[in-house]
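Thanks for making time, everyone. I'd like to walk through one chain today, so let me put it on the screen and get going.

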Amino acid sequence: MSQPEYTTAQATALTNHDRKPIHIPGSIQAHGVLLALSTQLEILQVSNNTQTYLGKEPEYLLSKPLSYLLDPQQVEIVKQCLVKKIGSANAFKVLINTFNNERYFDAIAHRTEEAVILELEPTDSELEVSFLSFHALASEAIAKMQSTSNLGEFLHLVAEEVQKIIGFDRVMVYQFDESEAGSVVAEVKREDLSPYLGLHYPATDIPAQARELYTRCFLRFLPDLTAEPVKLVPTENPTTHQHLDLSYCLLRSFDWCCTEYHQNMGVKALLVISIIQEQKLWGLISCHHQTPKYISYEVRKMCEFLGQIASSELAHKISNSEWDYKVKLKSLQSEFLESISQADNFIDALIKTEIRLLDLVSASGAAVCLDNEITLVGTTPNIDEVRALIEWADTQVNDNLFSTDSLPKLYSEAVKFKDTASGLLLLRISKVRRYYILWFRPEVIQTVHWAGNPNESMQAQADGSFSLSVRKSFEQWQETVRLTSLPWKACELDSAIALRNAIVGIVLSKADELAKINLELERSNQELASFAYAASHDLKEPLRGIYNFSMVLLEDYSQVLDDDGIECLQTVVSLSVRMETLINALLRLSQLGQAQLRLQATDLNELLTKVIDVFRASRQDSGLVDIRIPRPLPTVLCDRVLVNEVFSNLLGNAFKYNEKAEQWVEIGYFSQEEAEGLGSREQGAGSREQGAGSKGKEFSPLHPAPRPSASSHAPCLIFYIRDNGIGIPEHHLETIFRLFKRLHSQEKYGGGAGAGLAIVKKIVELHNGKIWVESTIGIGSMFYFTLE
């Protein structure tokens with residue numbers, strides 16, 4: 001039989017095995033009694049050992065009410081299960097009178113879809129373990145598990161603490177991999193036993209049905225593998241005529257395969273605790289004992305509790321071990337996506353940043369395919385091999401992302417280039433165009449140590465089919481694994497998806513969709529501006545009435561008002577003035593949104609002279625004003641009135657927010673050549689963020705910020721207004737251009753509506769320019785703007 005045929009037969013055998021209904025075995029373990037009750041708590045089924053434990057034959061108990069065995073208070077506890085969710089149990093102590101004597105039991109009750117199940121395990125203790133006793137036993141174990149951040153050390157501590165509590169010969173932590181096979185990653189054992197640490201086990205050893213039950217029932221206990229299971233009487237529920245669902249039963253009997261498997265390992269008692277991570281079965285704490293061994297219900301609950309603590313702590317340990325790598329990937333991803341978003345051509349952005357493209361998923365090579373054009377980066381197959389690989393992928397890959405660490409096993413032609421591409425991560429960027437990015441990893445030859453030959457469980461039948469059988473040997477068996485690479489991690493796949501989303505969102509958006517969005521945005525802006533204009537204009541009339549009537553009351557009726565009334569009216573007047581200021585600002589901003597620029601050649605020297613004259617006339621301390629203009633300003637094409645407003649606002653703010661005895665403002669500009677020449681000297685120091693709110697630690701007219709855009713139509717001139725004022729905190733540099741944004745209270749620095757910079761920004765943008773600021777607290781600020 002060829003390898004593909006063998007693999008198919010193996011898959012068929014696994015599927016058939018996984019269909020076995022192990023949750024409805026129709027029997028329980030012999031160390032307890034089970035009663036299945038109707039919703040009226042009438043006994044419908046019992047285990048066929050009631051005579052041994054209760055002194056009553058099964059047939060005698062059937063159809064009896066539960067009150068026949070338990071007192072009313074205990075019956076009420078069982079009844080409470082009817083309103084609980086499936087799988088949630090009530091546990092309590094009961095005393096039952098048998099024909100011979102009284103006997104104590106641990107009673108555990110829960111409900112299923114069709115019945116209430118009551119399990120009874122005999123106990124020598126009539127007392128439940130107190131919280132303090134439980135806490136004393138568990139707290140030390142929990143403290144040790146929380147004391148380490150190392151994953152391997154943590155798992156060893158988990159095994160060690162469980163072994164201390166139950167005293168089993170061997171306690172292992174068993175971890176599942178992506179293929180559902182597993183390996184022993186921690187072990188505490190009796191010295192004379194052979195070690196299992198590091199050994200691997202095939203997925204067939206713990207079939208899918210068993211794994212699914214472990215995700216629902218977190219603890220399984222088998223005190224004596226040699227004991228015969230006890231059948232239920234009758235076999236089927238007389239109401240539903242179905243086998244009883246024992247998924248959440250502690251006494252549920254084990255599948256014969258599981259029992260024989262562990263007996264072949266020399267195990268006589270077994271305890272298994274689930275480790276759950278992100279609602280999935282991450283692994284198991286598997287405990288073996290060489291002789292039958294019973295553990296009380298309370299001790300088992302303590303072990304289950306430790307398993308839940310281990311599951312919770314595991315997330316932190318894994319996150320600590322992977323955190324540094326994830327942070328590195330996130331940083332690379334952010335840098336990479338930023339470069340793509342700013343590039344005119346995303347193809348150039350991908351190819352010109354070769355190292356980052358590979359580091360994004362820790363690959364040794366990559367191929368960028370854009371229709372028929374393929375570009376290779378790093379160590380890769382040749383272009384013809386990549387082209388053929390993409391042809392195969394087009395017929396095989398349905399999702400946008402495909403990954404494998406064993407490409408030659410899926411695509412036979414890949415054997416030829418296994419040294420460069422045994423691992424493949426393929427990202428489909430577009431389903432319409434043949435746009436792909438492929439990352440490659442080389443073959444890594446590995447030696448895997450199995451607990452026995454994993455193929456031993458597959459037995460060929462006379463008809464040529466395969467079936468699963470229980471393995472008998474667990475001696476170490478080595479396998480050399482070839483044609484595989486290091487596996488792709490989840491965070492690497494996330495990084496690839498983030499790249500695709502960025503490319504699709506930034507570069508591959510259709511031009512007509514963008515035009516439609518722009519048209520809709522323009523219409524919305526016009527409607528918003530019209531609404532703001534109408535609203536602010538209409539608000540002024542009632543506001544003026546409030547102001548006027550308040551003044552009349554103050555002037556003509558002040559003699560009939562007390563001091564509090566006068567103070568309230570004064571506050572109304574003050575607030576009316578404040579509100580009118582805000583409305584005027586909103587009205588001005590809405591007017592700008594509907595304004596048509598009246599462009600004309602404007603001598604900025606002449607314009608600035610008028611701005612300064614008005615400014616000096618409006619200040620009583622104009623003699624202290626020092627306004628510097630290092631060189632004459634140019635003549636530019638602009639709206640004279642609006643640009644006058646820009647200089648007036650910026651000049652006024654420069655002196656308004658200045659507490660120094662000697663105040664000064666400098667107004668100047670840079671030509672395009674000067675900005676590029678000076679900016680190129682700074683490239684080694686790193687780039688700065690551009691646009692409104694750009695940050696910087698130093699500023700100077702001889703050391704300007706780089707140009708705000710990398711487009712081919714860069715602005716010819718950059719104007720600046722520099723002051724020696726109070727400065728602006730760095731975290732506010734990007735917010736000061738928002739409407740009504742003030743950094744100080746109304747009482748400080750002469751008040752104001754907080755709209756001046758928003759209006760300046762709007763005017764600059766109407767001229768297709770940009771404005772940004774650099775500032776240092778206590779030294780001053782420097783506003784830059786362009787006018788295209």
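Let's start at Phe785. Leaving out residues up to four places away in sequence, Phe785 touches Val646, Phe647, Leu650, Leu717, Ile718, Phe719, Val764, Lys770 and Ile771, where contact means heavy atoms within 4.5 Å. Phe785 is in strand β29; helices here are DSSP runs of H or I with at least four residues, strands are E runs of at least two, and both are numbered from the N terminus. Its relative accessible area is 1%, so Phe785 is buried. For that word, buried is under 20% relative accessible area, exposed is over 50%, and partly exposed is in between, with a 1.4 Å probe and protein chains only.

Quick word on what you're looking at. This is a predicted model, where local features need pLDDT of at least 70, side-chain atom pairs count only at pLDDT 80 or more, and totals for chains, interfaces and linings use all residues. Residues are numbered from 1 along each chain as its sequence is written, and side-chain values use heavy atoms, with hydrogens and water left out.

Okay, zooming out a bit. The chain has 21 helices and 29 strands, and of its 788 residues, 46% count as buried. Take the contacts between residues at least 6 apart in sequence: 68% of them join residues at least 24 apart.

Now, the core around Phe785. Which residues of the largest nonpolar core touch the most other members? They are Phe647, Leu650, Leu651, Ile667, Phe719, Phe783 and Phe785, out of 38 residues. By nonpolar core I mean a set of buried Ala, Val, Leu, Ile, Met, Phe, Trp, Tyr and Cys residues joined through side-chain atoms within 4.5 Å. The elements giving two or more residues to this core are α18 (604-618), β25 (635-639), α19 (640-656), β26 (664-671), β27 (717-723), α21, β28 and β29 (780-785). α19 provides the largest share, eight residues.

Phe783 is another one to click on. Not counting residues up to four places away in sequence, Phe783 touches Leu650, Phe719, Tyr720, Ile721, Ile728, Ile736, Phe737, Leu757, Trp772 and Val773. Apart from this core there's another, of 32 residues, including Met145, Ala269, Cys303 and Ile309.

Back to the helices. The axes of α18 and α19 come within 10 Å and cross at roughly 50°; axes are lines fitted to C-alpha atoms, over the stretch in contact for helices, with angles from 0 to 180 degrees between N-to-C directions. That makes α18 oblique to α19, since under 35 degrees counts as roughly parallel, over 145 as roughly antiparallel, 65 to 115 as roughly perpendicular, and the rest as oblique. Who meets whom there? On the α18 side we have Leu604, Glu606, Leu607, Leu608, Val611, Ile612 and Phe615, and they meet Arg640, Val643, Asn644, Phe647, Ser648, Leu651, Gly652 and Phe655 in α19.

The buried residues of α21 are Leu757, Ala758, Ile759, Val760, Ile763 and Val764. In the loop between α21 (756-766) and β28 (771-776) you'll find His767. Is His767 buried or exposed? At 2% relative accessibility, His767 counts as buried. A polar atom of the His767 side chain lies 3.1 Å from the backbone nitrogen of Asp639. Leaving aside neighbours within four places in sequence, His767 is in contact with Leu597, Leu599, Cys638, Asp639, Leu642, Val643, Leu787 and Glu788.

Asn768 is also in the loop between α21 and β28, but Asn768 is exposed, with a relative accessible area of 56%. Its phi is near 60°, a positive value in a residue other than glycine.

Ser362 is partly exposed, at 29% relative accessible area. And the peptide bond from Val233 to Pro234 is cis, with omega near -10°; Pro234 is in the loop between β11 (230-233) and α8 (256-264).

Note on methods:
Polar contact = N/O pair within 3.5 Å; in protein donor to acceptor, adjacent residues only side chain to side chain.
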